[in-house]
Amino acid sequence: MELNGWIVKPKNFDPNKKYPVIFYQYSGPGSQQVVDRWALGAMGAGGIYESYLTQQGFIVVCVDGRGTGARGSEFEKCTYLKIGDLESKDQVEAALWIAKQPYADADNMGIWGWSFGGFNTLMSLSEGRNAFKAGVSVAPPTNWRWYDTVYTERYMRTPQENPDGYAVNPIERANKMNAKLLICHGIADDNVHIQNAYEYSEALVQADKDFKENFYTNRNHSIYGGNTRNHLFRQITDWFVQNLK
């Protein structure tokens, strides 16, 4: 399966040097991050944050895996009833491909995302092939039983109709999570309830997995207000600097 992607390299890119690589993705049904317009990258800010990461010595990659939009009905609908399975496999496959490129430091690769992107970050870190050394998951759903039915049942039907599909989630795979992981979540998140982070962190504890967690008081799913957004992105950046360089 051929996947679309983009890559941001440092201004003074040296093809003979190996760079740590950070994957950014959203991966949700019908979404599209690989676009030919200025509003690409994190927060749709025209690659500003990605450019900042390149200034810290990283290469940044974004790949739209199966389930995303603008590739036809079959490409988008193949994830139906099994959200997270193919999406995470595609991020891992893309990482393994990038790792073979002469400019990539295969031992220092990371992945991050927000909301569905946070969910797929956790799924990718526990996919089994350990392509990523570090990850940051922001406001992730961790069990689709806890998300709103209008969205979830559109792609998954009900838990009674699709028990096997609902069993594919980060909590069930917590024992396979093998990366330096940072989780960030707003305590007042009215979209992805904070229960998702609480229950996933408990699963990691019982699986004896080390991780770090940042909670933002009175912040919703967008995690902003006052100095909050500045603080959040500094945590993301510092996490990758500490663990990939």
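Which residue forms a salt bridge with Lys-89? In this predicted model, the partner is Asp-85, and the closest N and O atoms of the two are 3.4 Å apart. Lys-89 and Asp-85 both belong to helix α3, where they are 4 residues apart, so about one helical turn separates them. Lys-89 counts as partly exposed because its relative accessibility is 33%, a value between the limits of 20% and 50%.

The structure has 5 salt bridges in total. Another of them joins Asp-90 to Arg-66, with 2.8 Å between the closest N and O atoms. Asp-90 lies in helix α3 (residues 85–99), while Arg-66 lies in the loop between β3 (59–64) and α2 (73–77), so this pair ties together parts that are 24 residues apart in sequence. Asp-90 and Arg-66 are both buried.

A salt bridge also connects the side chains of Glu-127 and Arg-129, at 2.8 Å from N to O. Glu-127 has a relative accessible area of 17% and is therefore buried. Arg-129, at 36%, is partly exposed.

The next topic is the aromatic rings. To describe a pair of aromatic rings, one gives the distance of the centres and the angle of the planes. The whole structure contains 18 aromatic pairs. In one of them, the ring centres of Trp-112 and Phe-233 are 6.0 Å apart and the planes stand at 90 degrees, so the pair is edge-to-face. Trp-112 is part of strand β4 (residues 104–114) and Phe-233 is part of helix α8 (residues 228–244), so the pair ties together parts that are 121 residues apart in sequence. Both Trp-112 and Phe-233 are buried.

Trp-144 and Tyr-151 form a stacked pair, with 6.0 Å from centre to centre and 20 degrees between the planes. Trp-144 counts as buried because its relative accessibility is 4%. Tyr-151 has a relative accessibility of 18%, so Tyr-151 counts as buried too. Trp-144 and Tyr-151 also belong to one aromatic cluster, whose other members are Tyr-26, Phe-116, Phe-119, Tyr-147 and Tyr-155.

Rings can also be found beside charged residues. Lys-9 lies over the face of Phe-13, at 4.5 Å from the ring centre. In the case of Phe-75, the residue over the face of the ring is Arg-71, at 4.2 Å from the ring centre.

Key. Residues are numbered from 1 along each chain as its sequence is written. This is a predicted model: local features need pLDDT of at least 70, side-chain atom pairs count only at pLDDT 80 or more; totals for chains, interfaces and linings use all residues. Side-chain values use heavy atoms; hydrogens and water are left out. Rings of Phe, Tyr and Trp (its six-membered ring) pair if their centres lie within 6.5 Å; planes under 30 degrees apart count as stacked, over 60 as edge-to-face and the rest as tilted. Helices (H or I, at least four residues) and strands (E, at least two) are DSSP runs, numbered from the N terminus. Buried means under 20% relative accessible area, exposed over 50%, partly exposed in between (1.4 Å probe, protein chains only). A charge sits over a ring if NZ of Lys or CZ of Arg is within 6 Å of the ring centre and within 35 degrees of the ring normal. A salt bridge is a side-chain nitrogen of Lys or Arg within 4 Å of a carboxyl oxygen of Asp or Glu.
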